[in-house]
Amino acid sequence: MARNVVGIVVLISTALAIGEAAIVRPISDQHRSAAFEVFEPVGGSYSSLEETYEALKTLKTLKIGKKPNIREGTCTIVKGTLESSSSTLKDLYDALRVNGFLKCETNSDVYEAIKSRLVAEVKKASSLLDFHYSIGSLVLVKAQASNVEVALEDADGIFRSIKVLSQSDGRWRYSSNNPESSTYAAGLAIETLAGVVSLAYSDIDQSLISKLKNDIVKLFDSIEKYDDGSFYFDEKSVGSASYQDPLSTTSAVIRGVTAFSNVVSGGLNLPSNKILGLARYLLGIGVPGDAKDFFNQIDSLASLENNRESVPLILSLPSGVLSLTTADKLKVEVSTVLGSPAPPLIVKIVRGYSSSSKDVSVIENQELTFDPESGFHTLDILPKGVDVGSYVFVFEILLDEQAQAIYATGGRTKVQLYFTGAINVDGAEIAILDNDLSNTGAKHMLNLAEESVVSLSANHLQKLRLSFQLTTPRGNAFTPHQAFLILRHETKVEHIYVVNGSGKKFEILLDFLGLVEKLYYLSGKYDIELSVGDAAMENSFLKAIGSVELDLPEQPEKAARPPPQPVDPISRYGPKAEISHIFRAPDKRPPKKLSLIFLGLTFLPLLFFLIGLLRLGVNLKNFPTSAVPALFAILFHGGVAAVLILYALFWLKLDLFTTLKTLGFLGVFLLFVGHRILSHLASSSAKLKSA
């Protein structure tokens with residue numbers, strides 16, 4: 001009895017150590033490619049200094065050499081912000097962060113003025129954000145201006161002023177007037193206090209450091225967890241005005257804790273599984289499409305990789321699908337969250353078992369071989385017990401004592417692996433049987449690996465039997481996800497039947513006497529198809545194996561009719577056949593000389609018109625001599641000429657609507673100028689008569 005209890009305890013402890021960790025990949029080239037698109041400046045610049053800093057920081061962390069050419073324009077904004085006395089604390093903070101990357105030329109007098117202003121702001125600060133921007137800016141000034149002495153004389157007092165805003169559960173308030181506490185504010189506060197410690201003129205009271213360490217431990221006690229082993233921080237009050245999403249909140253806490261652990265001694269003693277869980281959460285996001293989320297993810301991962309507390313190591317696989325046909329090797333890679341090489345270590349397979357048989361192990365306590373050139377830990381030969389299907393492998397990372405104090409591995413990691421292979425299809429046979437299951441002689445062997453088509457005939461008193469065997473490359477029985485026999489009538493009515501199996505053999509027997517109603521009494525030719533498929537089966541197939549000519553009884557009057565077949569959308573909505581018109585043969589045309597003679601006769605009326613004008617003595621004596629009337633006369637005659645040209649164009653190429661539209665404008669124009677010139681002629685004629 002005692003031995004059984006001990007065994008149960010060991011099993012429970014092992015299960016807790018393994019957990020339900022999901023496999024995630026470290027930062028890869030996929031992130032670097034996406035960074036170019038996410039952080040591409042619009043119009044050659046970013047919308048704010050904050051966005052500029054986030055872009056520059058992310059691109060540097062990912063070690064992307066090609067950076068946007070924004071230095072000249074951005075440095076102008078940075079220098080203007082630093083030199084202006086009216087700049088807000090946040091603007092100064094963002095400008096100094098950007099200046100840390102671009103190294104804009106700034107006088108030491110400017111840094112001195114900024115330092116004096118920030119020290120004064122720290123003394124009168126009352127909110128957490130004021131402390132955060134002021135202290136953070138002083139830290140940046142100290143880093144960028146080596147000739148400017150930056151130190152806080154009353155660091156203990158400032159530390160206490162910020163610590164007043166802390167709560168008993170590890171969260172913080174933004175100000176004493178705001179009763180709501182926030183996890184995001186806790187991250188800002190811890191980062192700010194880390195700045196106070198780094199700027200302190202003398203050592204901070206260790207009791208204050210100890211209290212803050214306890215607050216951080218309490219904060220980690222309230223961390224949220226997913227079932228896959230990921231940990232994250234979230235706000236308690238979702239509907240508050242200062243609410244931040246889980247990624248922003250987690251990022252703020254990680255930045256704060258990392259900054260604080262880098263400036264104090266003794267460590268924070270945070271659980272390594274939670275550090276690794278935070279890394280899993282950030283990597284599990286994938287590649288964010290939003291610039292803010294992208295920055296928070298990469299910046300947080302960089303903080304985890306560079307922290308002094310515990311650097312998480314990520315175990316990942318290039319592929320979770322291995323082929324037995326091509327003898328793929330099981331490869332495992334261990335690296336940091338940003339893809340940097342891991343320290344010397346050993347990767348061991350603690351246990352491997354089939355997903356359908358968890359009690360039987362196929363491999364145990366097997367160390368993987370490390371290849372320094374590729375960086376992979378490899379299992380060269382798969383155990384004989386591994387066959388086509390789904391398996392769970394439990395991996396463990398073993399470090400030396402010195403590395404264990406630096407890196408977090410998270411204990412054991414379960415990985416779902418899928419082994420695929422080409423399934424052997426043997427002994428395929430199709431036959432027509434009498435009602436007493438005796439063979440009628442219509443028996444055919446099928447080679448499903450090649451084209452094999454048979455022609456069968458049967459009546460409603462007979463049966464059709466199809467059988468075949470499926471075996472894995474290891475010779476074991478294989479049960480696919482689907483095995484269907486399909487009968488398709490020449491009218492496109494389709495019937496699908498499941499082929500059941502027992503062990504290696506699969507068989508189906510169709511009794512046509514019992515199926516006549518389901519076949520709608522449709523005699524004629526039925527095409528036979530066999531479909532066998534599985535995710536682990538590399539040679540899944542849908543194969544036509546022949547046809548059967550069925551002779552069924554006539555359909556009774558009240559029998560069910562075949563369902564209407566769906567209309568093929570291509571035939572209904574696709575392109576129609578081209579319509580070819582047969583035009584009437586053209587009439588026989590007259591000779592070319594006769595056509596030219598007729599064309600000449602059409603010009604005779606114009607010739608007679610011109611001769612008539614000459615005989616009548618038409619002249620231009622009454623053409624106006626004054627400038628304005630002469631102009632209207634010219635415009636009138638020009639308008640008439642334009643109408644004649646329009647008629648010619650209508651005859652040659654213009655359509656009726658275009659001609660009428662243009663003629664309308666010309667008509668209005670002729671009406672106006674014609675009225676003016678005729679009025680002038682009428683007044684001139686009246687003056688001559690009166691004279």
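Which residue forms a salt bridge with Arg160? It is Asp205, and the closest N and O atoms of the two are 3.6 Å apart. The close-up views below start from this pair and then move to other parts of the model. Everything shown belongs to a predicted model, where local features need pLDDT of at least 70, side-chain atom pairs count only at pLDDT 80 or more, and totals for chains, interfaces and linings use all residues. Residues are numbered from 1 along each chain as its sequence is written, and side-chain values use heavy atoms, with hydrogens and water left out.

**View 1. Asp205 and Arg160 meet in a salt bridge.**
A salt bridge here is a side-chain nitrogen of Lys or Arg within 4 Å of a carboxyl oxygen of Asp or Glu. Asp205 sits in the loop between helix H9 (183-199) and helix H10 (206-221), while Arg160 belongs to helix H8 (residues 155-163), so this pair ties together parts that are 45 residues apart in sequence. Helices (H or I, at least four residues) and strands (E, at least two) are DSSP runs, numbered from the N terminus. Asp205 is partly exposed, with a relative accessible area of 28%, and Arg160 is partly exposed too, at 41%. For these words, buried means under 20% relative accessible area, exposed means over 50%, and partly exposed lies in between (1.4 Å probe, protein chains only).

An α-helix has 3.6 residues a turn, so residues three or four places apart point the same way. Glu112 is partly exposed, with a relative accessible area of 32%, whereas Lys115 counts as buried at 17%.

Lys505 is partly exposed at 43% relative accessible area, and Glu507 is partly exposed at 35%. Elsewhere, salt bridges link Glu50, Glu54, Lys90, Asp94, Arg97 and Lys292 in a network.

**View 2. Strand E19 pairs with strands E23 and E20.**
Two strands pair if DSSP finds at least two bridges between them. Strand E19 (residues 482-489) is mostly covered, with 6 of its 8 residues buried. It runs antiparallel to strand E23 (residues 524-533), and 8 bridges join the two; Ala483 has Val532 as its bridge partner in E23. Strand E20 (residues 494-498) is also antiparallel to E19, joined by 5 bridges, and here Arg488 has Glu494 as its partner. E19 and E20 form a hairpin with 4 residues between them, and Lys492 in the turn has a positive phi of about 75°.

**View 3. Helix H12 is largely enclosed by the rest of the structure.**
Helix H12 (residues 272-284) reaches 18 Å from its first C-alpha to its last, close to the 18 Å expected at 1.5 Å a residue; the expected span is 1.5 Å times one less than the number of residues. In H12, 10 of the 13 residues are buried, among them Leu276, Gly277 and Tyr281. After H12 comes Gly286, whose phi is positive, near 85°.

**View 4. Helix H2 has a buried side.**
In helix H2 (residues 29-38), His31, Ala34 and Ala35 are buried. They cover an arc of only 115° around the axis, which puts them on the same side of H2; the arc is that of the directions from the helix axis to the C-beta atoms. The face turned away from this buried side carries the exposed residues Asp29 and Glu37. Helix H3 (49-61) and helix H13 (291-306) are included in what covers the buried residues of H2.

**View 5. Ser457 sits in strand E17.**
Strand E17 spans residues 454-459. Leaving aside residues up to four places away in sequence, Ser457 touches Ile432, Gln462, Val548 and Glu549, where contact means heavy atoms within 4.5 Å. The C-alpha atoms of Ser457 and Asp534 are separated by 31 Å, and the two residues are 77 residues apart along the chain.
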